[in-house]
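Student: Could you take a close look at one part of this model for me? I'd like to know what surrounds it and which contacts are made there.

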Amino acid sequence: MSTRARDLLRSALLSSLLLLVLIGIWHIATLPKVQAQGADDEYAKLMGKGASKSAGFPTPAQLGGAIIKHVSDPFYDKGPNDKGIGIQLGHSLGRVGLGFLLAILLAVPLGFLIGMSPLIYRALDPFIQVLKPISPLAWMPIALYTIKDSSISGIFVIFICSVWPMLINTAYGVASVRREWLNVARTLEVTPVRKAFQVILPAAAPTILTGMRISMGIAWLVIVAAEMLVGGTGIGYFVWNEWNNLNLTNVVFAILVIGVVGMILDIIIGRLQRLVTYVE
Amino acid sequence: MPFLQVQELKKAFPATGGAVTVFDNINFSIERGEFVCIIGHSGCGKTTILNVLAGLDMATSGVAVMDGREIAGPSLERGVVFQGHALMPWLSVMKNIAFAVKSRWPDWDRDRIKTHCQRFIDLVGLTGAEAKKPSELSGGMKQRVGIARAFAIEPKMLLLDEPFGALDALTRGTIQDELLRIVQATHQTVFMITHDVDEAILLADKILLMSNGPNALIAEIVDNTLPRNRTRHDMHHDPQYYRVRNYLVDFLVTRSKLFQSGGTANPAQPLVVRPGLDGALPALPPGGANQGDPQHLTANHQSPSHNN
Ligand SMILES: Nc1ncnc2c1ncn2[C@@H]1O[C@H](COP(=O)(O)OP(=O)(O)OP(=O)(O)O)[C@@H](O)[C@H]1O
Ligand SMILES: [Mg+2]
């Protein structure tokens with residue numbers, strides 16, 4: 001117990017140290033090169049490239065300032081091109097959540113069917129094999145053309161990229177439920193509905209959740225790209241917009257936010273996964 | 001008519017180049033309240049017979065009739081204790097048993113189910129472990145939960161597939177005692193597969209001897225004449241014990257490979273022997289040199305019993 005606590009402390013220390021070193025290197029690399037060479041300095045002034053120019057790569061301090069600024073007022077809304085980070089994140093999370101939910105609604109029941117019926121499995125397998133490797137973004141033009149709404153198209157793209165890992169994992173989990181447990185259900189004359197919900201579902205749940213975790217990882221990758229593409233709202237659009245404003249500080253800030261939110265989403269599903277995992 | 005009647009049971013599995021007949025012309029019966037063990041070498045088809053009786057597997061031909069009705073599928077009238085305990089790992093001990101009880105009596109309320117389950121948990125000596133998950137139990141405890149689950153649905157017949165095969169000798173002894181006690185108290189009809197000769201002598205009223213596959217058959221039926229109130233501790237003081245034991249071991253070591261369908265044994269009416277009673281020793285001389293394939297006599301020196 002105490003050794004475990006000590007190990008945790010050690011790794012936390014090492015992580016902090018690494019972070020400090022990285023910030024240090026970053027700080028040194030972005031130091032304004034003014035005092036070093038006078039000639040260059042004057043040249044720079046001549047060319048109008050002062051050290052205070054905001055378009056350069058941000059320093060850690062600038063990023064810190066940006067973080068404080070955004071976090072202290074996350075929900076302001078000053079027109080289509082200037083919304084708080086909280087609002088943008090809300091849009092992205094909403095799309096991911098909705099697309100993900102739709103994917104669950106389709107993939108879990110269909111995966112059940114495929115997992116229980118070798119016939120349906122073989123019938124659907126060619127479709128799955130062809131559709132699965134298609135980049136979700138490749139669907140974007142078709143989605144935009146048929147749906148004619150950029151936000152719903154984003155949801156559709158999330159749906160289509162989340163559906164495959166869930167479908168395949170659900171089918172696999174259902175198909176590999178231990179025969180023994182099914183035989184127990186048979187000898188007890190358990191009804192099909194009860195068998196599905198009380199034997200197969202709990203038995204396959206860890207595999208299904210693994211599929212969901214993979215799906216969520218992909219969905220969070222894809223939403224940024226999709227929003228960059230269609231614009232309007234969302235964290236992806238925020239990145240694109242700040243890039244067009246040449247505000248690299250905000251871009252770096254957004255990257256950090258994307259990473260942290262992705263991590264939180266993964267932790268949430270990981271927790272759920274642990275909840276349904278059983279030891280054999 | 002006996003409680004369970006098995007007639008001309010045959011099972012063939014499709015194999016490359018035709019079918020493999022695991023067993024053919026299996027005939028035996030079990031009376032109500034009788035404890036019947038079946039012994040035979042690995043792969044001779046014991047589990048297959050048990051699965052047919054459970055309704056989990058279909059025989060190629062032949063019938064099994066229980067209590068006047070042909071066995072055509074799984075039923076709550078027959079409780080099965082599986083070889084690998086088959087507990088659901090995501091359910092606690094109590095919930096594993098409650099799952100079975102709820103299936104048997106769907107309209108019972110929670111309290112009633114709980115009291116019923118508790119009775120059987122206490123019966124197998126697991127009081128206090130109700131909330132534990134199977135992964136937190138020892139092998140012996142898991143097997144007890146499996147037994148409690150099968151008993152809890154109060155089936156007309158209990159089917160046990162090597163229930164103690166994976167246990168160490170000490171645990172095995174304790175649970176054997178428990179099973180003996182429960183069965184004597186409930187007069188449960190039991191069909192059980194075992195590899196352990198001593199276990200068969202302790203528990204069974206009747207021991208079916210199954211010959212080696214393929215084309216296995218019930219070679220003989222040993223009537224266990226040891227007194228019914230025998231216990232694990234005193235039964236080897238009985239001179240009958242050694243006679244029965246020697247007879248069973250002798251069958252497993254040498255004679256089990258001599259019987260094949262079409263031999264001189266009459267599978268339609270397996271010979272009933274009482275080796276425990278003095279003077280009533282084998283109708284067939286040990287070694288049975290007059291039958292079977294001579295090349296089998298030298299082959300196959302498998303270990304006969306798997307008791308540790
Ligand atoms: N599904 C199957 N397909 C083909 N052959 C099978 C199948 N199931 C069992 N067999 C064969 O049937 C024979 C009997 O199997 P069974 O499991 O009944 O043996 P057993 O007597 O229970 O053996 P053990 O003592 O090792 O448990 C074996 O030779 C096995 O190879
Ligand atoms: Mg077996």
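**The shell around ligand 1**

Tutor: Happy to! By class, three nonpolar, six polar and two charged residues make up the shell around ligand 1; here Ala, Val, Leu, Ile, Met, Phe, Trp, Tyr, Cys and Pro count as nonpolar, Asp, Glu, Lys and Arg as charged, and the others, Gly among them, as polar. This is a predicted model, in which local features need pLDDT of at least 70, side-chain atom pairs count only at pLDDT 80 or more, and totals for chains, interfaces and linings use all residues. Residues are numbered from 1 along each chain as its sequence is written, chains are lettered from A and ligands numbered from 1 in the order in which they are written, and side-chain values use heavy atoms, with hydrogens and water left out.

Around ligand 1 you will find Phe13(B), Val22(B), Ser42(B), Gly43(B), Cys44(B), Gly45(B), Lys46(B), Thr47(B), Thr48(B), Glu162(B) and His195(B), each with a heavy atom within 4 Å of the ligand. Helix H1 of chain B, residues 46-54, supplies the largest share of this shell, with three residues; helices are DSSP runs (H or I, at least four residues), numbered from the N terminus.

Now for the polar contacts, meaning pairs of N or O atoms within 3.5 Å. Ser42(B) places a polar side-chain atom 2.5 Å from an oxygen atom of ligand 1. For Thr47(B), an N or O atom in the side chain is 2.6 Å from an oxygen atom of the ligand. Cys44(B) takes part through its backbone, where a polar atom is 3.3 Å from a ligand oxygen atom. As for cover, ligand 1 on its own has 640 Å² of accessible area (Shrake-Rupley method, 1.4 Å probe), and the protein covers 57% of it.

Terms used
Polar contact = N/O pair within 3.5 Å; in protein donor to acceptor, adjacent residues only side chain to side chain. Helix = DSSP H or I, 4+ residues; strand = E, 2+ residues; numbered from the N terminus.
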